Structure formats: C-alpha cells, structure tokens
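Me: Got a model open here and want to talk through the aromatics. Can you walk me through them?
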Amino acid sequence: MNKTACAVIALALSGAAAEADEAIPLRGLFCQTEAQIHDASDKLRAGIPAAMVAESMNREGVHCVYADRIDYVVETPYIIDEDSRDSLFTYEASLTGIRVGDNLRPIDPPLPVYFVRPDRIAGAVAAGKV
C-alpha cells in the first residue's frame with residue numbers, strides 16, 4: 001500500500017483503544033454495504049484519495065461518505081476482513097450517531113455501516129467468532 005493511502009486511512013481515527021461494545025467516534029471512509037467498502041478499499045490501495053473514492057462511489061446515488069470533519073459514532077464493530085499484506089481491517093458496525101462538534105445526533109434505529117482502518121479496534125472480534 002502506498003504512503004498516501006495509508007495516511008488517508010489513518011486520518012486521526014479516534015477511539016482505536018475503545019472496547020468493542022462502547023460508542024466509538026471515528027472519521028474516515030464509510031459505505032452502506034460490504035461490497036461497496038471492498039471496492040472502495042481497492043481504490044484506496046491504488047492511491048486514490050478517500051474524498052475522490054467517495055465521489056467515485058456515489059455516481060448513481062449516495063453509497064459512501066468520507067467523514068473528515070464529522071465523527072461517525074459506531075458500536076459493536078466486527079472485523080469482516082483482514083488484509084495482512086496491507087495491514088487493513090475491514091469492519092461492520094452499528095452506526096448509532098453522528099457527532100458534529102459537540103452536538104451528537106442519534107441514529108435510531110442504528111444502521112449497519114462498513115469501514116476500513118489500518119489498526120485493530122480493541123475488543124473487536126472477527127465476524128462469526130465469539
């Protein structure tokens with residue numbers, strides 16, 4: 001993976017040390033489906049900036065969001081894919097809120113969301129494993 005893609009993915013992602021059952025505020029690239037996040041990950045690995053990846057994924061509707069100024073608040077992240085070659089973890093989690101500054105906007109009911117990170121979230125388990 002090139003340094004640009006690593007830097008984009010590593011965008012000051014807060015909450016890496018949080019437990020898997022806690023609300024975790026994150027920034028980065030988020031998609032609605034697993035297939036979309038895998039496609040987006042391939043583009044990031046190719047060195048395309050995250051904002052451009054989101055734009056390219058949204059040509060026929062809004063499917064992915066590059067959250068660089070807001071926090072997506074997630075709970076119960078599960079690792080659904082791990083690429084040891086590029087040190088990327090792909091997660092599925094429940095989106096429970098969006099934080100803008102000090103204002104938290106709850107999402108009720110929570111929505112499934114998919115995202116990639118260069119690190120393992122403490123307490124997250126691989127999907128299908130307990």
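Me: Start with Phe 89 and Tyr 91. Buried or exposed?
Reply: Both are buried. Keep in mind that this is a predicted model.

Me: How many aromatic pairs are there in the structure?
Reply: Four. In one of them, the ring centres of Phe 30 and Tyr 72 are 4.4 Å apart and the planes sit at 25 degrees, so that pair is stacked.

Me: Why stacked?
Reply: Because planes under 30 degrees apart count as stacked.

Me: Where do Phe 30 and Tyr 72 lie?
Reply: Phe 30 is in strand S1, residues 24–31, and Tyr 72 is in strand S2, residues 64–83. The pair therefore ties together parts that are 42 residues apart in sequence.

Me: What's the relative accessibility of Phe 30?
Reply: 2%, so Phe 30 counts as buried. Tyr 72 is buried too, with a relative accessible area of 9%.

Me: Back to Phe 89 and Tyr 91. What's the geometry of their rings?
Reply: Tilted, because the planes are at 35 degrees; the centres are 6.4 Å apart.

Me: Which residues do ring pairs link into a cluster?
Reply: Phe 30, Tyr 72, Phe 89, Tyr 91 and Phe 115.

Me: New topic, the fold. What pattern does the protein chain follow?
Reply: Along the sequence, α-β-α-α-β-β-β-β. That is three helices and five strands.

Me: What share of the residues is buried?
Reply: 38% of the 130 residues in the protein chain.

Me: And contacts? What share comes from residues 24 or more positions apart?
Reply: 63%, counting contacts with a separation of 6 or more.

Key. Residues numbered from 1 in each chain as written. Predicted model: local features only at pLDDT ≥ 70, side-chain atom pairs only at ≥ 80, totals over all residues. Heavy atoms only, no water. Helix = DSSP H or I, 4+ residues; strand = E, 2+ residues; numbered from the N terminus. Buried < 20%, exposed > 50% of the residue type's maximum accessible area, 1.4 Å probe, protein only. Contact = heavy atoms within 4.5 Å. Phe/Tyr/Trp six-rings, centres within 6.5 Å; stacked < 30°, edge-to-face > 60°.
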